Amino acid sequence: MNNQRSFFFNVDWITVFIFLALCTIGWFNIHAAVYDERYPSIIDSHTNYGKQFTFIIVAVLVGGVILLLESRFITALAPAFYIITLLLLGIVLVVGRNVGGNQAWISLGGGFRLQPSEFAKFSTCLLLARYLSGPNIRVSEPKSFAIAATIIGVPMFLIMMQPDMGSTLVFLSLVFVLYREGLSPYFLIIGALFIALFVTSVLYPPLAVIGVIVVITLAVILLFRRSKKVVYTMLAGLAICIVFVFSVKVIYNSVLKPHQKVRIDIILGIKSDLKGKGYNLNQSKIAIGSGKMWGKGYLKGTQTKYSFVPEQSTDFIFCTVGEEWGFAGSLTVLGLYLFLVLRLILIAERQRSPFSRVYGYGVASVIFFHVMINIGMTIGLVPVIGIPLPFISYGGSSLLSFTILLFVLLKLDSNRMGIV
């Protein structure tokens with residue numbers, strides 16, 4: 001009896017409440033986004049909002065089952081979960097159903113589909129945590145870093161083959177886990193610099209970009225000319241940057257898909273295609289802006305009601321929040337996500353087990369990346385890459401995978417004092 005009482009007291013109910021609040025917000029906004037007058041009931045199984053209600057019930061049940069499992073069971077099966085998801089990612093490339101240009105779905109019948117890439121995030125976080133928590137593993141060492149990068153890179157490659165660039169990029173968020181475990185911050189700085197260099201190389205002629213880099217390099221060399229290490233490092237960096245700048249055009253023209261190039265052009269202001277590839281983004285900004293401070297009211301959004309924004313119940317669900325609930329509603333949703341991510345970091349830091357800490361940071365990184373990119377693309381800050389808003393976007397695979405991701409951490413956290 002005492003063990004049961006201790007267990008329930010040790011579950012982080014604040015995080016559970018945020019989870020339920022986000023699921024409820026998502027359910028009502030899906031109802032608004034695809035409302036059908038023939039099926040007004042929010043639990044009608046003929047509609048997506050009725051199906052989402054079923055998905056939420058299933059997710060809550062799955063979360064409850066996870067809390068009743070042994071923590072050792074979760075840890076021991078990490079490699080098995082990873083291998084299963086890799087097999088599913090391989091199967092989807094052969095027999096998967098193509099939706100929106102991505103062969104990412106396995107049909108289960110009855111109108112239900114499974115998206116293995118969603119569950120790959122969970123299994124990758126789990127195996128990465130198991131590896132990094134092993135004895136004598138230091139991510140700062142080349143061998144350990146290479147193995148950790150491989151764990152992250154294999155599912156990335158398989159998902160990229162679908163091709164689903166949105167889900168592929170999510171795995172890059174796990175670099176924050178490696179940073180927390182000892183990876184040099186220079187990797188983050190260098191990564192940010194190359195992103196900036198890529199954008200600059202798209203916007204301006206290569207020779208102009210290289211000219212600026214040469215001037216900066218020479219200035220640093222003059223300041224630190226007595227340090228041979230700095231001089232050699234800057235010269236090596238200059239050579240790498242020159243090669244990278246000239247390769248950007250090749251990557252941009254030969255590797256990226258036409259629709260990906262257009263989306264980047266629209267974000268950077270190179271092109272304006274309001275009736276083509278820029279249509280979603282333009283309508284999204286109109287919908288969010290029209291909500292003003294308090295919104296137009298539930299089921300009263302005109303952009304939403306007349307389906308001006310495609311994919312409004314999935315990738316662009318935040319438009320419905322902005323239009324019908326306004327700035328106040330949008331700020332509330334953002335506040336819940338911020339509170340959730342900060343709570344997850346707090347949970348991760350209070351763990352006694354390295355496995356639980358690493359896994360906690362993996363969960364926080366994945367959720368933070370999804371929120372940042374999804375909301376960023378609806379307001380025009382990042383290119384449209386098509387990833388769901390956690391717990392809010394319509395979809396059983398998405399909701400279930402995020403639920404598993406979150407509740408496994410809650411289970412590990414509930415057992416941090418050795419209570420099962």
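Student: Is Arg357 buried or exposed in this model?

Tutor: In this predicted model, Arg357 is buried, because its relative accessible area is 18% and buried means under 20%. The residue lies in helix H17, which covers residues 354-378.

Student: Which residue does the side chain of Arg357 meet in a salt bridge?

Tutor: The general idea is that side chains of opposite charge can pair when their charged atoms come close. Here the partner is Glu181, and the N to O distance in the salt bridge is 2.9 Å. Glu181 lies in the loop between H9 and H10 while Arg357 lies in helix H17, so this pair ties together parts that are 176 residues apart in sequence.

Student: How many salt bridges are there by this rule, and which residue pairs with Arg180?

Tutor: The count comes to nine salt bridges. Arg180 forms one of them with Glu349, where the closest N and O atoms are 2.8 Å apart. Because Arg180 lies in helix H9 (residues 175-180) and Glu349 in helix H16 (residues 317-349), the pair ties together parts that are 169 residues apart in sequence. Arg180 counts as partly exposed at 30% relative accessibility, and Glu349 also counts as partly exposed, at 38%.

Student: Where in the chain do Asp413 and Arg350 lie?

Tutor: The side chains of these two residues, Asp413 and Arg350, meet in a salt bridge with an N to O distance of 2.7 Å. Asp413 is in helix H18 (residues 396-414) and Arg350 is in the loop between H16 and H17, so that the pair links distant parts of the chain, 63 residues apart. Asp413 counts as buried, at 0% relative accessibility, whereas Arg350 is partly exposed, with a relative accessible area of 27%. Salt bridges that share partners join Asp12, Arg343, Arg350 and Asp413 into one network.

Student: How much space lies in the second largest pocket, and which residues are the closest to its centre?

Tutor: The general idea is that rolling a probe the size of a water molecule over the atoms shows where empty space is left. In this structure, about 740 Å³ of space lies in the second largest pocket. The pocket is lined by 21 residues, and the closest to its centre are Leu193, Met234, Gly237, Leu238 and Cys241. Two or more lining residues come from each of helix H10 (185-203), helix H11 (206-223) and helix H12 (228-255). The lining divides into 16 nonpolar residues, four polar and one charged.

Student: Which residues form a nonpolar patch on the surface?

Tutor: Ile83, Leu87, Ile91, Val94 and Val95 form such a patch, and together they have about 500 Å² of accessible area. Ile91, for example, lies in helix H5 (residues 78-95) and counts as partly exposed, at 41% relative accessibility.

How values were computed:
Residues numbered from 1 in each chain as written. Predicted model: local features only at pLDDT ≥ 70, side-chain atom pairs only at ≥ 80, totals over all residues. Heavy atoms only, no water. 1 Å grid on protein atoms, 1.4 Å probe; cavity = no way out; pocket = protein on both sides within 12 Å on 5 of 7 lines; lining within 4 Å. Points joined across faces, edges and corners; volume = space filled by probe spheres on them. Helix = DSSP H or I, 4+ residues; strand = E, 2+ residues; numbered from the N terminus. Nonpolar A, V, L, I, M, F, W, Y, C, P; charged D, E, K, R; others polar. Patch = residues over 30% accessible without salt bridge, like charges linked within 9 Å, V, L, I, M, F, W, Y side chains within 5 Å. Areas by Shrake-Rupley, 256 points an atom, 1.4 Å probe, with all protein chains shown as cover. Salt bridge = Lys/Arg side-chain N within 4 Å of Asp/Glu carboxyl O. Buried < 20%, exposed > 50% of the residue type's maximum accessible area, 1.4 Å probe, protein only.
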